Amino acid sequence: MTRKAAVMICGTTSGAGKSLLATAMARWYARQGLSVAPFKAQNMSNNARVVVGGEMGSAQYFQALAARCVPDVRMNPVLLKPETDTQSQVILLGQRNDRLSSMEWRQRSEHLWPTIRSCLDGLLASYDVVVIEGAGSPAEINLQSTDIVNMRVAEAAEAATLLVCDIDRGGAFAHLYGTHQLLPESQRALIRGFVLNKFRGDERLLAPGPDMLQSLTGVRTLGVLPMWRDHGLPEEDGVFDSQPSGSGLSIVVVAYPRISNLDEFTPLRRVPGVSISWARQAQTIAGADLLILPGSKHVAEDLAWLRQTGLDTAISAHVKANKPMLAICGGLQMLGHELLDPHGAEGEGIGFGLLPYSTEYDASKLYQHGSYTLSALTGFWARLSGVHFDGYEIRHGRTCPIPYVKQEPSLCPALPANGGWQCGETLALYTHGLFENSAVMHALFSERTPTLDDTLNSLAGFVDAHIGSQALLSLLR
């Protein structure tokens, strides 16, 4: 390597494998003794993590851990958090920015680019390698004039760019060739390799496709990555595949439209004998041994959806039957009586009234990462009594018990400072990240699941085996 290097991963489509490949390569380069940082100019996701300065997209947070560097809001300077089908909240350098949120999105890009470029330049100056992830496809010709996340970034960083496609969808060579050809010549010159992802079968069947593609584009196929469903990295763009039901514990997560921080449930997929599924219908909830109400980016809107679909009745039946339930952040707020919003931060609503507390939204947002200790718990949750775990809070809501509401069983503190309660078999917590702690997983399931570091090292070994060290190092020169 003769200079500070940038490697960029773009995709022919969303879901092609950009995040996984960027995470794997960040760990691979870090294992070569290089200082590495991730970067994604703009991410759209309701999965976010708390870092110094506010919040950043979860994918870049995990990429920073893969790179063995401290997560930094500069690594994801713009985060768009969808609130409705046509409106997103803009997080700029970790903080909510209502002025940009209200701006027409095509106008927004030029306001954002100076910050993006400054963050990129700062990372390039500070690290040996910056691994950059694009978004969607770089060849969306209707968006190229306002592109601030794909090839404009690649050009600014002079990045050796890989183009990855999902071959399991079919049409992989057409996707790669068409994407390549739709790029301007100056941007095509940055494409250094193609990667075929999620391949199943005999790799010899691909011939002569890669050679023909190279003759047409001048770009060689650097690697063929086999289908790997159980890699352990959280999905970024949506709910992950449900596992088939077995004879063990059935965990059901309610999947409302504005679900947030769903990545924290990924470790549950790796617990032997546990099945995990997503509920959008009442009958799915009826079969749950453990029901989870996850976080929500817009609690009032998701409450309305639950009532429209009849899932509210199924949730109430689960609670009243005193079956185990975990409610996290927005899910906690849903179980209370009312949602007050005097500052117009999140939107008002009426909760299910199943637990005796109410929530009021503050104008400012709480960002907090720390160590937590659960109080003495009972029933299904008794095995977590006194367990220490690392987690994070990211919310506007402030929830307080209603003293005049009497309920049996009573509301008992689970975390200090109104951070969570237990009522019967329902555990409601504001803290995210419970299942990402080995002590919690062992206490609940008597199982040791792979650590995050195990997962990241496995990803590095995966790209080493299927792309190769020579190809990966060649991108730095």
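## Strands 6 and 7 and their sheet

In this predicted model, strand 6 (residues 78-84) and strand 7 (residues 87-92) run antiparallel and are joined by six bridges. Within this pairing, proline 82 stands opposite serine 88 of strand 7.

Both strands belong to an open sheet of four strands, ordered 3-6-7-8, in which the pairing is mixed. At its edges lie strand 3 (42-44) and strand 8 (95-96), each of which pairs on one side only.

## Nonpolar cores

The largest nonpolar core comprises 88 residues. Leu21, Met25, Tyr29, Phe39, Ile132 and Ile467 have the most contacts inside this core. Helix 1 (residues 18-30) contributes the largest share of the core, with nine residues.

Leaving aside residues up to four places away in sequence, methionine 25 touches Val7, Ile9, Leu162, Leu472 and Leu475. Another core, of 66 residues, lies apart from the largest one. Its members include Trp381, Cys423, Leu427 and Leu434.

## The second largest pocket

The second largest pocket holds about 540 Å³ of space. It is lined by 25 residues, of which Pro267, Phe435, Glu436, Asn437 and Leu452 are the closest to its centre.

Several elements each supply at least two residues of this lining: helix 2 (58-66), strand 22 (388-401), helix 13 (438-445) and helix 14 (452-466).

Technical notes:
Residues numbered from 1 in each chain as written. Predicted model: local features only at pLDDT ≥ 70, side-chain atom pairs only at ≥ 80, totals over all residues. Heavy atoms only, no water. Pairing = 2+ DSSP bridges. Core = buried A, V, L, I, M, F, W, Y, C linked by side-chain atoms within 4.5 Å. Buried < 20%, exposed > 50% of the residue type's maximum accessible area, 1.4 Å probe, protein only. Contact = heavy atoms within 4.5 Å. 1 Å grid on protein atoms, 1.4 Å probe; cavity = no way out; pocket = protein on both sides within 12 Å on 5 of 7 lines; lining within 4 Å. Points joined across faces, edges and corners; volume = space filled by probe spheres on them.
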